[in-house]
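This report looks at charged side chains and the partners they pair with. Please view the sequence and the structure before reading on.

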Amino acid sequence: MPAPAPRLEEITPHNIDAALALRVRPDQEHAVSPVAKSLAEAYVHPGVAWPRLIVDSGRPVGFLMAFFGIDWNGDGTLFRSGLWRLNIDAGQQGRGYGRFAVDAVAAEIRRRGGDHLHVCWHPGPDGPEGFYLGLGFRITGETSGDQTVGVLDLA
């Protein structure tokens, strides 16, 4: 019998401590906010933020937070959906959970009628640019703060 596939779980009182315990590698901490900050942002962006725990065989391996219909420019002229945060636990990296997370967000965007997945990342040799480009994202030429903006066409 094949091993169960990873799955997403809504953050609840039963798994919040497991989500908060996730830690990326120390050399990645500058590039992604901790889960606690993501959950605080989700709290103040209800209806836009979509935080989820990534679980495999009953154990938490990562956290993602997607966004749906965010007012990108803050002026009501452009709305986007995408991946806001991706934290794969240090001991679980390199096992396909990042790809699973991107695929899961892409599926949810499609389910909601969208056809593009946006993501931002910190540029530099120790950042996730190679990961995202390897999944087919293209750099848009935009920045969001000091981060590079990428997009994946889902059509």
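Helix α3 spans residues 97-111 and holds both E108 and R111, which are 3 residues apart, about one turn of the helix. The model is a predicted one. A salt bridge joins the side chains of E108 and R111, with an N to O distance of 2.7 Å.

The two partners can be compared by their accessibility. E108 has a relative accessibility of 11%, and because buried means under 20%, E108 counts as buried. R111 has a relative accessibility of 60%, and because exposed means over 50%, R111 counts as exposed. The pairing of E108 and R111 also belongs to a network of salt bridges that includes R112.

R85 and E41 form a salt bridge through their side chains, at 2.6 Å from N to O. This pair links distant parts of the chain: R85 is in strand β4, E41 is in helix α2 (residues 35-44), and 44 residues separate them. Strand β4 itself covers residues 79-88.

Are R85 and E41 buried or exposed? R85 has a relative accessible area of 11%, so it is buried. E41 has a relative accessible area of 18%, so E41 is buried.

## The surroundings of R85

Which side chains make polar contacts with the side chain of R85? One is the side chain of E41, at 2.6 Å. Another is the side chain of S38, with a polar contact of 2.9 Å.

Leaving aside residues up to four places away in sequence, R85 touches V32, S33, K37, S38, E41, F63, L64 and M65. Both S38 and E41 are therefore in the list of residues that R85 touches, given that contact means heavy atoms within 4.5 Å.

## A further pair and the total

R7 and E9 are also joined by a salt bridge, and their closest N and O atoms are 2.5 Å apart. E9 has a relative accessible area of 23%, so E9 is partly exposed. R7 is partly exposed as well, because its relative accessibility is 41%.

How many salt bridges does a search of the whole structure find? The search finds 6. Among them are the pair of E9 and R7, the pair of R85 and E41, and the pair of E108 and R111.

Terms used: Residues are numbered from 1 along each chain as its sequence is written. This is a predicted model: local features need pLDDT of at least 70, side-chain atom pairs count only at pLDDT 80 or more; totals for chains, interfaces and linings use all residues. Side-chain values use heavy atoms; hydrogens and water are left out. Helices (H or I, at least four residues) and strands (E, at least two) are DSSP runs, numbered from the N terminus. A polar contact is a pair of N or O atoms within 3.5 Å; within protein, one must be able to donate a hydrogen and the other to accept it, and residues adjacent in sequence count only if both atoms are side-chain atoms. A salt bridge is a side-chain nitrogen of Lys or Arg within 4 Å of a carboxyl oxygen of Asp or Glu. Buried means under 20% relative accessible area, exposed over 50%, partly exposed in between (1.4 Å probe, protein chains only).
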